[in-house]
Amino acid sequence: TQSRGGRGVTGIANLKREDVVRNFFVTKTHDHVLFFTNKGRVYRLRGYEIPDTTRQARGTALVNLLTLPPGEQVTAVFPIRHFEGERYLVMVTKQGVIKKSKLGEFGNVRRNGLIAINLDPGDELLAVDLSTGSRDIILASTQGMAVHFNEKDVRPMGRVARGVKAMTLDKADTVIAMDVVEDDRREVLLVTSLAFGKRTPIADYRHTARGGKGVKAFARQRDDIGQVVDQILVAPDDQVLMITSGNQVIRLKVGDIRKTGRDAKGVRLQRLGEGDEVIAITNLGKQAKQITEITGEPQQAEL
C-alpha cells in the first residue's frame, strides 16, 4: 500500500512494447474463468489451467491457452465458482448496447468458444458483470457522461441475441465502463488517462431512462486531465490497484481520494512518466467480497 500521488511498483516486467495490461481479477484454482472477446465470443478455462508465475513475469500468451482466431482479443475476464441459480451475465458494448442472459447458458463453453452476443458492424464487446436480474446499472463514457437505470429495463435474452440500446452517445464518444450496483451506500470512482480521480456518492447519479444520454459525470473537454478510462464502485475503507500503459502499479486507499461532485476535476492519483497513461483500475475490496460470496470462504485479495 502506498500514498496517493506515488509512482507505484512494476506489476509486469519485460512486456513487449506494443503490449499493455488490460485486466485485473482475483480467482481460485478451481474456479471457471470466462474470457469474453471484442468479437462477442466467450471462452472458458479453469483457474489451474492458467500458469502460476511471479509478479514481474511476462506471463503466457492467451493464444497458447485459448483458440483465438486472428484479430480477436480478450476484452473482459470474469471468474465464476458455479453456474447454478437465478443469476445473469450483463454485457455492454462500446457503442452503448446492453444485454443480459442467464448464467446457466454459459455452463458448457466449448474449447473453440461460443457466441455470447451478436454485434453490430464496427461494435465491440466491452464489459461483462454478474447480477441478480434486478439491480441498477451505471455506464460511463470516455467523454465523461454517465447513465443510471434499473436492470429490469433490460429483458433476459438468449445467448446469441443482440441486446438493446443502453446509452445514446455523442459522435466519437464510446462506453468505457459498466458497473452493477450491489449497495447504494457505495461510491462511484472515476479515473482519467492522466491519473486524475474522484469519488462521488451513487445518489448524485440520478436515475435516467435506458437509452438516454445520461448526466455529466466528469469535467469534460479538459486536456489537463485526459479522458475517462475506468469507473468502479468503492467504499471508503476499500483499496484499489491502478496500472498504467508503462506497467506501473500503485495501490491506494479509497479514503485518501477526495469526495467531490459529479462534474468536478478530481485529484491527481499517481505521478506519470512521459508518455505514460492510466489504463485500468480494480477494487481489491470488491474482489475479495465477490470471492467470499461465491465460495463461502473469506480470502485475502491478491494481485
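These legends describe close-up views of a predicted model.

View 1. The protein chain has 20 strands and one helix. Of its 303 residues, 50% are buried. Among contacts with a separation of 6 or more, 75% link residues 24 or more positions apart. The accessible surface comes to about 14200 Å². Carbon and sulfur atoms hold 45% of that surface. One aromatic pair is present in the structure.

**View 2. Four strands make an open sheet.** The strand order is β8-β5-β6-β11, and the pairing is antiparallel. The edges are β8 (125-131) and β11 (164-165). Each edge strand pairs on one side only. Strands of a sheet pair through backbone hydrogen bonds.

**View 3. Strand β5 pairs with β8.** Strand β5 covers residues 88-93. Six bridges join β5 and β8 in the antiparallel sense. Met91 has Val128 of β8 as its bridge partner.

**View 4. β5 and β6 form a hairpin.** Three residues lie between the two strands. Gly96 sits in the turn, with a positive phi of about 85 degrees. The strands run antiparallel and share five bridges. Here Met91 stands opposite Lys99 in β6. Met91 also has a bridge partner in β8, namely Val128.

View 5. Strand β6 spans residues 97-102. Five of its six residues are buried, so the strand is mostly covered by the cut-off of under 20% relative accessible area. Ile98 has Val164 of β11 as its bridge partner.

**View 6. Two lysines lie over aromatic rings.** Lys100 lies over the face of Tyr88, at 5.1 Å from the ring centre. Lys198 lies over the face of Phe218, at 5.1 Å from the ring centre.

**View 7. Thr260 is a buried loop residue.** The loop runs between β18 (248-253) and β19 (267-268). Thr260 has 15% relative accessibility. Buried means under 20%, so Thr260 counts as buried. Leaving out residues up to four places away in sequence, Thr260 touches Lys198, Arg199, Thr200 and Pro201. Lys198 is the residue that lies over the face of Phe218.

Definitions and conventions. Residues are numbered from 1 along each chain as its sequence is written. This is a predicted model: local features need pLDDT of at least 70, side-chain atom pairs count only at pLDDT 80 or more; totals for chains, interfaces and linings use all residues. Side-chain values use heavy atoms; hydrogens and water are left out. Buried means under 20% relative accessible area, exposed over 50%, partly exposed in between (1.4 Å probe, protein chains only). Contact means heavy atoms within 4.5 Å. Accessible areas come from the Shrake-Rupley method with a 1.4 Å probe; for residues, only the protein chains shown count as cover. Rings of Phe, Tyr and Trp (its six-membered ring) pair if their centres lie within 6.5 Å; planes under 30 degrees apart count as stacked, over 60 as edge-to-face and the rest as tilted. A charge sits over a ring if NZ of Lys or CZ of Arg is within 6 Å of the ring centre and within 35 degrees of the ring normal. Two strands pair if DSSP finds at least two bridges between them.
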